[in-house]
Structure formats: structure tokens, C-alpha cells
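Work through the exercises below with the sequence and the model at hand. Each task is followed by a solution in steps.

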Amino acid sequence: MILVLIIITFILFLFYLKQKYFTFHGPIPGLPPQFLFGNLFQSGFFNGNSPPQILSTFKKCFGDIFQFWFGPYRFIIINNIIDVEHIFTHRNIYDQGDIFIEKFSVSYSQSLISIKGDQFKRHASIILPLFRRNKFVHNFDLIINCTDKLLTKWRKTTDHKTIHIDIVNQCHNLVLAIFGLIGFNYDLETLDDDDDDNISEKNELTQALRTIINSIMKIIALPKIIAKIYVTFSYRQRQARTIIERYIYRMIEYEQAIHFKSIKQRKQTSLIASLVDSLEKNEVVDEMVAFLIAGFESTSSTLAWFIHLISKHPQVQQKIKAELIAKDCLHDLSLDRLHSLVYLNCVIDEVLRYIPPATGTIRTLTMNDRLPATNTQLFKGDSVMIPFYNLAHDSRYWSIDPEIFYPERFLTEDKNYHPYAFIPFGGGHRQCVGQDLARFELKVIAARLMQYVTFRDGGSQINTGGHSMGLAILPKHIGVFIDFD
């Protein structure tokens, strides 16, 4: 009798899960979800299709609004630009996506991305002022010096026959070194020479960050309880978190030991000083981990795509170099002259448009609402997703074919694009806090690289691009020749 009751209870529980999480409902089009997997099998996610590719395909099938199940999580995908603008400009209705709160809180619950309400406002008031342009432009020489270290490494290992296939890793190491110095006043030593006896130890942080990032898509797809079990009992996860936190505590101790007397003054210009002086220790750790991951992945992914795309478009490289010569920047790059590089701005914008660093952003409704353009009724608790790639590749919003890589678009027909057609860092009150720093880093690094090297296509079998998903969209296959000019 007890066994029968257990079986019945189990069947009823499965039926409840099916009805609550895996049942197609409402008039919004989409594919009926499969039990446990949602639309992941149907969309080819497990066969290597990336979320941007999947959402682009679904848009062609279902139009501007459709439902998509990422495992047990239902999202309403919004592709109409008027509806997107409505969502971003009504922050009282569309708050931070619950999935961010739920999933990122599994590991780091006190970071900016996984909090909202008064706690978010408190953290934002501490962090946002430090990401204003006037707070970081003085790091121009620091970024140049780090980029020069990478150029020195390439000089030692480069000849006309060498195809560099580790560009993504090199970009990761460069950006991590820069952010460690800018944000935390700490040398993470990720650009040290490869012949250093301790190089494997010094690169353990990048390996640990990759482990955490590579697990993010799994954690998002899993129910929270299973995700929590995975994070808690996975040896690789626990080892990676231990390594990252060891570096974090080392940076905190270094800050407190070196700058203890001046920490009150330094908090006006230093991220780590502001965090240490204003937040509880667990909050400091979670914020620092989140910034390391975000800085490590998003900016470096765009830099890797920059190298891949200009290797495929040599005429773009030649125009960048011509601009450097015209602006007297080829041999003497300065902060003032950097601002004059208009075409380089267009190239960076086109890289961000062509391959946005993230799939999109998610908002959860705090009350019922109706979208103005599509007249779609939404309900409290619904999660809507704005797909950056779809908007940036929608021919309705671009005069020049959005499927081609063409930086000149920002100087001609598309210079007055709709502001919500191009949102690589999100929009509204929860947009990326580090976007201005990311753009500044990218421009300085790109200008420095173009002063000295030319990237050549490594061939159709090696330098094919493709999408590799972590926290950001990375080039799956990249291989380039590096010629020193």
C-alpha cells in the first residue's frame, strides 16, 4: 500500500512539473516544450547551435514575439524595437530577471547582477560612480603597457609560418591583467613569459575563471536545486571557487596592508578601496568575483572577434592604419590623439553590432502590462528577453545589409540608427555598468595593436569563426598569422 502511494505521489509530482514548467500556454506562438528539456533539443542547442543562432531561427519562424523554454524556464522573446523601448523605459514594471537572481545566487548571491531593490541601489551607489569615464581614462598608459607585454610575447613566437590559434586565451589574459590593475590595483601576472617556471601556477586563475564560466549555461538550464547540488559537489567547481577566492582574499589583504591609512581617500577613485570600505566582506568577495568574470569574458570576447573579423577584412585594417598615419598616431599614440580616431570607433561599434558580447538581457514583470506595438498581453511574473543579436541583424532597423561586416555604415546611411537597434551592453537601469570602461579598453588595445601588427587570415579550415558559448559569445575557431609591420 505504501509503495502504491509513493508511486502515485511520484506520478502526481511529475504531472505537476509537466503542467507548471513544460506546458505550452497562452496565445504567444512557439514550440511546445519537451519534458525536462524545454526547447533545447528541438532547437539544436545540444548539437552546438548557439542561443543567438537559435533565437534568430525562431524569429524567422514565429515573428517578433514568441515563447522559448530554456529547460524549465519560459521566456517571451521580444524582437519589436518599439516594445523593446517600452520595456527599458518602464523600470517600475520590468525589473531584473528572476533567473539572474536565482541562478547567480547559487554561487555568488551578493553581486550586483543577482540583487535588486534597496540592496541593488546601495551597491550601485558605491560602484557606478567609479565607472564614469573621468575615473578611468588616466589608465591609458597602463593599458598600453599591458598590450606591449602581449606584443613582446608575440614577437618571440611569431614568424610568417606560425598560425596563432590561442587568440581567445591571449585576449583573456590581456584583459584580466588590465582589469586586475585598474579595478583592484593588483598584478595578476597573467601576461608573464611562458618560460617562467611558475607559469602554470600564475595562470591558474584564468583556468579557474574558465571553469566557472563554462558551467554557467549548465547552471541556467538546470532547476535550482539540481544546480545547487552540482555547484556544491562538483570537484572542479569547488576547486575553481577556492582558487578564485584565494586570489580575492589576497587582493583584499594587499589593499588593506598597503593603503590602510588612505583607503577613505582612495575610495573616490579605486574600485577595490570603495568596496572594502563600504560593503560587508561577503559582499566584497561576491562583487569582486562578478567583476573578474564579467571583465574576463565580455571585453576579451569582443577583442577576439575584432582580431578575427579584421583578419577576414584586410581593407578594414588598412583603413585603420591609414587613420593612424593621418592623425599622427602611428608612432606616437596619446590619449588626446586616441579621441580623434573616428574610423576605429566605427570598427569597434561594428564588431559589437555584428557579434554582441551577450545573447541578450532578461526582465521580469512586477505587474501586468500590454506591449504597445504588438498588443501582447503580459502578466506579473512573466520573464521577457531582449535578444541583442536579433535587433542588430534586423533589416528593418538598418539601411545597409546588417548581415555584412561594414564599419562604414556608422559614417553613412546607418549613422542615425535607432538607439535600441544597437544595445550590445543592454539598456535601461540594469545595463552593463562597465560598458564605458570596456569601450575605452578596446579602443586603446586595438589602436596599439594596429600600430605594430597586421592580422592575416589563417585559412578557411582554421579561421572559420562560429559561436562558442560561455557567459559571452566567443569565436569557436580562430587562427591568424601575425605580421609585425
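**Exercise 1.** Decide whether valine 168 is buried or exposed, and list what valine 168 touches.

Solution. Step 1: apply the cut-offs, where buried means under 20% relative accessible area, exposed over 50%, and partly exposed in between (1.4 Å probe, protein chains only). Valine 168 has a relative accessible area of 14% and is therefore buried.
Step 1: Valine 168 lies in helix 9 (residues 167-184); helices are DSSP runs of H or I with at least four residues, strands are E runs with at least two, and both are numbered from the N terminus.
Step 2: list the contacts, meaning heavy atoms within 4.5 Å. Leaving out residues up to four places away in sequence, valine 168 touches Ala304, Leu474, Pro475 and Ile478.

The model is predicted: local features need pLDDT of at least 70 and side-chain atom pairs count only at pLDDT 80 or more, while totals for chains, interfaces and linings use all residues. Residues are numbered from 1 along each chain as its sequence is written, and side-chain values use heavy atoms, with hydrogens and water left out.

**Exercise 2.** Find how helix 17 and helix 21 are oriented to each other, and which residues meet.

Solution. Step 1: take the angle. Helix 17 (residues 314-326) and helix 21 (residues 435-452) pack at about 95°, with their axes 10 Å apart. Axes are lines fitted to C-alpha atoms, for helices over the stretch in contact, and angles run from 0 to 180 degrees between N-to-C directions.
Step 1: classify the angle. Under 35 degrees counts as roughly parallel, over 145 as roughly antiparallel, 65 to 115 as roughly perpendicular and the rest as oblique. The two helices are therefore roughly perpendicular.
Step 2: name the residues. From helix 17, Gln317, Ile320, Lys321 and Leu324 meet Ala447, Met450 and Gln451 of helix 21.

**Exercise 3.** Describe the salt bridge between arginine 74 and aspartate 382.

Solution. Step 1: the N to O distance is 3.4 Å.
Step 1: arginine 74 is in strand 2 (residues 73-78), and aspartate 382 is in the loop between strand 6 (377-378) and strand 7 (383-387), 308 residues apart.
Step 2: arginine 74 and aspartate 382 are buried. The structure holds 17 salt bridges.

**Exercise 4.** What is the strand order of the open sheet of five strands, and which strands stand at its edges?

Solution. Step 1: the order is 1-2-7-4-3, with mixed pairing; two strands pair if DSSP finds at least two bridges between them.
Step 1: strand 1 (65-70) and strand 3 (94-96) stand at the edges, each with a single partner strand, so one side of each lacks a neighbour in the sheet.
Step 2: strand 2 and strand 7 pair in the parallel sense over two bridges. Isoleucine 77 has methionine 385 in strand 7 as its bridge partner.

Terms used: Salt bridge = Lys/Arg side-chain N within 4 Å of Asp/Glu carboxyl O.
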